[in-house]
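This briefing covers one protein chain, from its surface to its overall fold. The sequence and model come first, and the notes follow by topic.

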Amino acid sequence: MVEGPEPVGPPAAELSAVDDHTPPMLPSRWAYVLAFGGVVLAGILGGIIGYGIADVSSHSDVAHVVGAFVGAVIGAGGVGIVAVLVLRAMAEWRRQDPSAPRPPRRPS
């Protein structure tokens, strides 16, 4: 059999050193932590609201559990979608377009 050509790229030693750093266009770690905390908090608050609605509308214990679960899923899911969109927007804002003209440098 004929083997294909070897891929051209940096040696494996250089790849391991490059992989240790986060690309500069990604949001900071604190942005991810805040997004995760927001999703967890929204899930907790959604569960409380769902439990409250089920408590007012029904006297069954199963309805309380289902209401809390559905409220938590809806709350966490909604905030999770918004968090992903915000993190993607942050990554896009940090990305630099190489074809865009650069502003003139001030003399120092």
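Phe-36, Val-40, Leu-41, Ile-44, Leu-45 and Ile-48 form a nonpolar patch on the surface, with about 600 Å² of accessible area together. Patches are made of residues with over 30% relative accessible area and no salt bridge, nonpolar side chains (Val, Leu, Ile, Met, Phe, Trp, Tyr) being joined within 5 Å and like charges within 9 Å. A salt bridge is a side-chain nitrogen of Lys or Arg within 4 Å of a carboxyl oxygen of Asp or Glu. Accessible areas come from the Shrake-Rupley method with a 1.4 Å probe, and for residues only the protein chains shown count as cover.

This is a predicted model, in which local features need pLDDT of at least 70 and side-chain atom pairs count only at pLDDT 80 or more, while totals for chains, interfaces and linings use all residues. Residues are numbered from 1 along each chain as its sequence is written, and side-chain values use heavy atoms, with hydrogens and water left out.

**Helix H2**
- Leu-41, one of the patch residues, lies in helix H2; helices (H or I, at least four residues) and strands (E, at least two) are DSSP runs, numbered from the N terminus.
- H2 covers residues 29-57, and its end C-alpha atoms are 42 Å apart, which agrees with the 42 Å that its 29 residues should span at 1.5 Å a residue; the expected span is 1.5 Å times one less than the number of residues.
- Ala-31, Ala-35, Ala-42, Gly-43, Gly-46, Gly-47, Gly-50 and Ala-54 of H2 are buried, where buried means under 20% relative accessible area, exposed over 50% and partly exposed in between (1.4 Å probe, protein chains only).
- H3 is included in what covers the buried residues of H2.

**Helix H3**
- His-64 is in helix H3 (residues 61-94) and counts as buried because its relative accessibility is 9%.
- The side chains of His-64 and Asp-55 make a polar contact at 3.1 Å; such a contact is a pair of N or O atoms within 3.5 Å, and within protein one must be able to donate a hydrogen and the other to accept it, with residues adjacent in sequence counting only if both atoms are side-chain atoms.
- Ala-68, also found in H3, is partly exposed at 21% relative accessible area.
- Leaving out residues up to four places away in sequence, Ala-68 touches Gly-47, Gly-50 and Tyr-51; contact means heavy atoms within 4.5 Å.

**Whole chain**
- The protein chain has three helices and zero strands.
- Buried residues make up 16% of its 108 residues.
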